[in-house]
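Let's take a walk through this structure together. Have the sequence and the 3D view ready, and follow along as we go from helices to rings.

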Amino acid sequence: RSEIPCSDNDLLVSLNDIHYGANIQNYWNTYNSDVCRDMMCKYLDHIISIGEIHKSENCIVWANGDEISGNIHQSIAVTNKENVIEQIKGVSELIAEFLAELSKHFRQVVFVSVAGNHSRIEPNKDKALISERLDDLVEWYLSARLQNFENIVIGGGEKIDHTIYLIDVRGKTYCGVHGDFDGSPGKVQSLQAMAGRPVYAVLSGHLHHNKTDEVQGVKTVMAGSFLGMDDYCVQKRIVGRAEQMVCVCDESGIRCTYGIPLQ
């Protein structure tokens, strides 16, 4: 939007591990597609407020996988509220509305994504094709749905592989992954080598909590989930909450981060 003034910073907004379609009802958590929509609205308010505080110019939304709950395990398929087709349709439209609203508040909105493990079609991860994950349909839908929005870019950055993208934010390269292949500090160094250029930060999800760190000079930014505590967390005795992360970025890198609780 041309009336939004230029500034020295942009927002880097996570949209990670939505697990749309999951249906959870336990002592610690209630989550379903209606709750998900409420969380999206609450999150939007936070993002717009942060943008106003910092007079941020652009907004880069990174959705690094598991937009849908999927059905990779029988226990997940049984508890899902919608089947996989309904999950894809529902979350795609929800994200489209989310981006459309953001486009009113920033000069440009860029959406980048990489698929997560929950959207694979083959339940056996050793047999699954690395490139066959249903999350990729979301980006395809958004391209068509939002094609008439002049200040929304879908699929920005550079996908160097089905599991990795690179995006430039204020002159620094950020590398995006889901996180299922990248669980150790050594993998950060591997990603740096695979990118073929200096990487400032690695953006990931998968483990369902916010965390920032640094590995051998490369920043790591992990954002949480919309899901909160599910049956897996209860069985493993993992306490957590639904949360996402907003980073304010300038030419020096990440100026500050906001952990946004969604519950």
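Predicted model: local features only at pLDDT ≥ 70, side-chain atom pairs only at ≥ 80, totals over all residues.

Two packed helices are described by the angle between their axes and the distance between the axes. Helix α1 (residues 33–54) and α3 pack at an angle of about 20 degrees, and their axes lie 11 Å apart. An angle under 35 degrees counts as roughly parallel, so α1 is roughly parallel to α3. The crossing in which α1 passes α3 is right-handed. To see the contact itself, show the side chains: from α1 come C36, R37, M40, Y43, L44 and I47, and they meet L94, I95, E97, F98, E101 and L102 of α3.

Now turn to helix α4, which spans residues 135–145. Which of its residues are buried? They are D135, V138, E139 and L142. Looking down the axis of α4, you will find these buried residues within an arc of 95 degrees, so they line one face of the helix. The spacing makes sense: an α-helix has 3.6 residues a turn, so residues three or four places apart point the same way. Among the elements that cover the buried residues of α4 are α3 (84–102), β5 (108–113), β6 (152–154) and β7 (158–161).

Helix α5 can be read in a similar way. Its buried residues are V188, L191 and A195. Around the axis they cover an arc of only 60 degrees, which puts them on the same side of α5. On the face turned away from that buried side sit the exposed residues A193 and M194. The cover over the buried residues of α5 includes β7, β8 (164–169), β9, β10, β11 (211–215) and β12 (218–222). After α5 comes G196, which has a positive phi near 75 degrees.

Finally, the aromatic rings. The structure holds four aromatic pairs. In one of them, Y27 and W28 have ring centres 5.3 Å apart and planes at 80 degrees, so the pair is edge-to-face. Y27 has a relative accessibility of 75% and therefore counts as exposed. The rings of Y174 and Y200 have their centres 5.3 Å apart and their planes at 65 degrees, so this pair is edge-to-face too. Y174 belongs to strand β9 (residues 172–176) and Y200 to the loop between α5 (185–195) and β10 (201–204), so the pair ties together parts 26 residues apart in sequence. Both Y174 and Y200 are buried.

Key:
Residues numbered from 1 in each chain as written. Heavy atoms only, no water. Buried < 20%, exposed > 50% of the residue type's maximum accessible area, 1.4 Å probe, protein only. Helix = DSSP H or I, 4+ residues; strand = E, 2+ residues; numbered from the N terminus. Arc of directions from axis to C-beta. Contact = heavy atoms within 4.5 Å. Phe/Tyr/Trp six-rings, centres within 6.5 Å; stacked < 30°, edge-to-face > 60°. Axes fitted to C-alpha atoms, helices over the stretch in contact; angles between N-to-C directions. Parallel < 35°, antiparallel > 145°, perpendicular 65-115°, else oblique. Left-handed = near helix turned anticlockwise from the far one by under 90°.
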